Amino acid sequence: MNYRIVVGCDDAGLDYKEQIAADLRADPRVAEVIDLGVHRGAEDVHRPYPEIGLAAGEAIRDGKADRAVLVCGTGIGMALSANKVAGVRATTAHDSFSVERSVLSNNCQVLTLGQRVVGLELARRLVAEWLGYTFDERSASAAKVSLISEYERC
Ligand SMILES: O=C[C@H](O)[C@H](O)COP(=O)(O)O
């Protein structure tokens with residue numbers, strides 16, 4: 001599938017971002033991992049989550065990446081931020097079914113996770129599952145998602 005995947009976090013999501021980035025780099029479905037920070041021990045470590053979430057959304061919008069995994073304390077702030085970028089669909093999901101539907105129903109390109117909410121091993125498994133789903137543009141869900149895109153164009 002050769003996905004180009006952005007990873008990003010704030011200081012509350014750094015541990016999980018590092019592990020998930022390592023998992024993605026080892027995944028044969030992933031061609032490139034683009035790490036937007038923050039980085040341990042670096043100057044950017046206290047950058048607020050909206051800066052990372054917005055940058056991730058812009059990378060999707062600009063065609064520099066196919067998908068993003070973003071981690072903060074709850075996942076909520078990252079989802080709110082990425083969703084501000086037109087054309088980007090981001091959601092927090094901490095269970096297998098929601099992760100599946102975020103792609104198959106909603107064509108989300110961005111999965112956000114809360115390091116303070118979900119265990120690390122579950123988070124890693126959810127990301128692995130998430131990579132296995134592809135939205136079907138011929139599905140009945142496509143017309144529903146397109147209503148969001150049409151609203152954005154107004
Ligand atoms: O959604 C926001 C994140 O959970 C963030 O990591 C923590 O934000 P706070 O420090 O404002 O609670």
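**Entry 1, ground rules.** I count residues from 1 along each chain as its sequence is written. In this predicted model, local features need pLDDT of at least 70, side-chain atom pairs count only at pLDDT 80 or more, and totals for chains, interfaces and linings use all residues.

I looked up pLDDT (the predictor's confidence in each residue, from 0 to 100). The protein chain averages 98, and 100% of the residues score at least 70.

I took helices as DSSP runs (H or I, at least four residues), numbered from the N terminus. Helix α4 covers residues 96-104 and helix α5 covers residues 120-131; they pack at about 30° with axes 9 Å apart. Axes are lines fitted to C-alpha atoms over the stretch in contact, and angles run from 0 to 180 degrees between N-to-C directions. The pair is therefore roughly parallel (angles under 35 degrees; over 145 is roughly antiparallel, 65 to 115 roughly perpendicular, the rest oblique). I found S96, V99 and V103 of α4 meeting L126, E129 and W130 of α5 (C-beta atoms, placed from the backbone, within 7 Å).

Which residues surround the ligand? I listed D10, A12, Y49, C72, G73, T74, I76 and G77 (C-beta atom, placed from the backbone, within 6 Å).

Note on methods: Helix = DSSP H or I, 4+ residues; strand = E, 2+ residues; numbered from the N terminus. Contact = placed C-beta atoms within 7 Å.
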